[in-house]
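Reader: I have the model open and would like to go through some of its local features with you. Could you take my questions one at a time?

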Amino acid sequence: MVSSREEVRSDLPSILGPLPGPRARAVIERDREFVSPSYTRPYPLVVEKGERAVVEDVDGNRFLDFNAGIAVVATGHCHPRVVEAIQRQAARLIHMSGTDFYYEELAALAQKLSDLAPGDSARRVSFGNSGAEAIEGAIKLARYATGRDKLIAFFGGFHGRTMGALALTASKAVQLRGFSPLIPGVVHAPYPYCYRCPFGKEPEHCAVECVGYIENTLLKTIAPPEETAAIVVEPIQGEGGYIVPPRKFFDELARVARQNGILLIFDEVQSGMGRTGRMWAAEHFDAVPDIMTLAKGIASGLPLGATVARADLMTWPPGAHASTFGGNPVSCAAALVTIALLEEELLNHAARMGAYLMERLREWPRRFAMVGDVRGLGLMIGVELVRDQETRQKAPELRDQVLRQAFERGLLVLGAGENTIRLSPPLIVSRDQCDFAMETLEECIAAAGGSACQS
Ligand SMILES: Cc1ncc(COP(=O)(O)O)c(C=O)c1O
């Protein structure tokens, strides 16, 4: 199977034969024997190299990456300026441990993130190596700063897999099964998943019952305000299905938090760093968290996590929280150039490409009976597949079939939630690449039995 575009377009996919090819099969065999079976691999992609939005596998097949390494390579694969910054920094200083010594890159990145954080308050930053670590830092800081122990998180939320982050996570049973006891004191509230309102409301009749549940049930029973340190929320639920809450949810959440002295922690690990066409998803809702967690897109693929907090909260003493590798100079250098690229052009570009994709996607529920809902901001877009638009019965097996067929046609997309296709391309994705992705997904949906709508 050879794409007709192959000869002339290195920015588009080219599949040379059945997948996986022979070299890929050899790697997969070795991986199956020695690597933890807990990793989820939706299709057999064995990557050799990447450039911008395209990755090539070990057999020379080219794919369009609409995952961006799970929303990580914001600037695309191996952006020349990121590569140059990494090489320059690696030749000068790879590690010194910011826990014990000073170096300029750490201070510069902390200052930049403080300047960029939503709201006017002064901020301070603590660095780790991943999203989960950023969350652990946020949990510890919220408890330390308030002297309270309880935490409120949301069903469908994903915050990572370390014990604290996992206690907040309520996304899939397999992520939790067999690992208890987790940290105590965590309770969950329904998330404003308006397509499947947990309170059975239509958006126009919603009185923000999700926050009402926190205020009238949780705070009055198992999480009294004087014991509740923080509410932890993804401003757009990522792994849970790319779900965008209405603005009034954030207004109400802020009111309840403020009135009860509870901190608001926004987990922007997936939604931050320009993914939504603004630096932070919070900006779309004029929301201002007390603490924000970052990772994924922050350093274009190098490991880095950050807990950004109001300076008047981050007053813990030396030794209270730190990490040997957290904020290493090479990751910081990659982050500084990533942020420069976002500010120079990629925020605007992501907003433009997101709008371009959405224009076409908005028609899908009318065109395809199995597309129930399309939602998103910028380049963080979810397409929810259903058996029936009327009953909204979920169609996870059709979604998985679409992911697999897209892979075979050279398009890499992943799922989110049980039955949603997630679109999270690198922010440098081009119009032609968006067109290719849309055409391919339309073909795959049709092939998966997505009959056209009657009307
Ligand atoms: C919103 C959110 N928070 C936290 C995490 C955990 O990040 P990591 O895998 O880097 O620990 C993720 C990962 O998908 C995430 O999407």
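Reader: To begin, is Glu-227 buried, partly exposed or exposed?

Author: Glu-227 is partly exposed, with a relative accessible area of 32%; buried means under 20% relative accessible area, exposed over 50%, and partly exposed in between, using a 1.4 Å probe and protein chains only. This is a predicted model, in which local features need pLDDT of at least 70 and side-chain atom pairs count only at pLDDT 80 or more, while totals for chains, interfaces and linings use all residues. Residues are numbered from 1 along each chain as its sequence is written, and side-chain values use heavy atoms, with hydrogens and water left out.

Reader: Which residue does Glu-227 form a salt bridge with?

Author: Its partner is Lys-150, and the closest N and O atoms of the pair are 2.7 Å apart; a salt bridge here is a side-chain nitrogen of Lys or Arg within 4 Å of a carboxyl oxygen of Asp or Glu. Glu-227 lies in the loop between α7 (209-218) and β7 (228-233) and Lys-150 in strand β5 (residues 150-154), so the pair ties together parts that are 77 residues apart in sequence. Helices (H or I, at least four residues) and strands (E, at least two) are DSSP runs, numbered from the N terminus.

Reader: And what else forms a salt bridge with Lys-150?

Author: Asp-149 does, with its closest N and O atoms 3.9 Å from each other in that pair. Asp-149 is partly exposed at 35% relative accessibility, whereas Lys-150 is buried at 16%.

Reader: How many salt bridges are there by this rule?

Author: The count comes to 28 salt bridges. One of them joins Arg-360 to Glu-442, the closest N and O atoms being 3.0 Å apart, and this pair links distant parts of the chain, with Arg-360 in helix α9 (residues 329-361) and Glu-442 in helix α12 (residues 431-447), 82 residues apart. Arg-360 is partly exposed, at 26% relative accessible area, while Glu-442 counts as buried at 11%. Salt bridges that share partners also join Arg-196, Asp-373, Arg-375 and Glu-384 into one network.

Reader: Arg-375 interests me, so which side chain makes a polar contact with it?

Author: The side chain of Thr-420 makes that polar contact with the side chain of Arg-375, at 3.3 Å. A polar contact is a pair of N or O atoms within 3.5 Å; within protein, one must be able to donate a hydrogen and the other to accept it, and residues adjacent in sequence count only if both atoms are side-chain atoms. Thr-420 is found in strand β15 (residues 420-423) and is buried, with a relative accessible area of 1%. Not counting residues up to four places away in sequence, Thr-420 touches several residues, among them Gly-241, Arg-375, Glu-384 and Arg-399, where contact means heavy atoms within 4.5 Å.

Reader: What do the buried residues of α7 pack against?

Author: They pack against β5, β6 (186-189), β7 and α8 (247-260). The buried residues in α7 include Cys-210, Val-211 and Ile-214.

Reader: Last topic, which peptide bonds are cis?

Author: The bond from Leu-19 to Pro-20 is cis, with omega near -5°, and the bond from Ser-180 to Pro-181 is cis, with omega near 0°. Pro-20 is placed in the segment before α1 (22-34), and Pro-181 in the loop between α6 (163-168) and β6.
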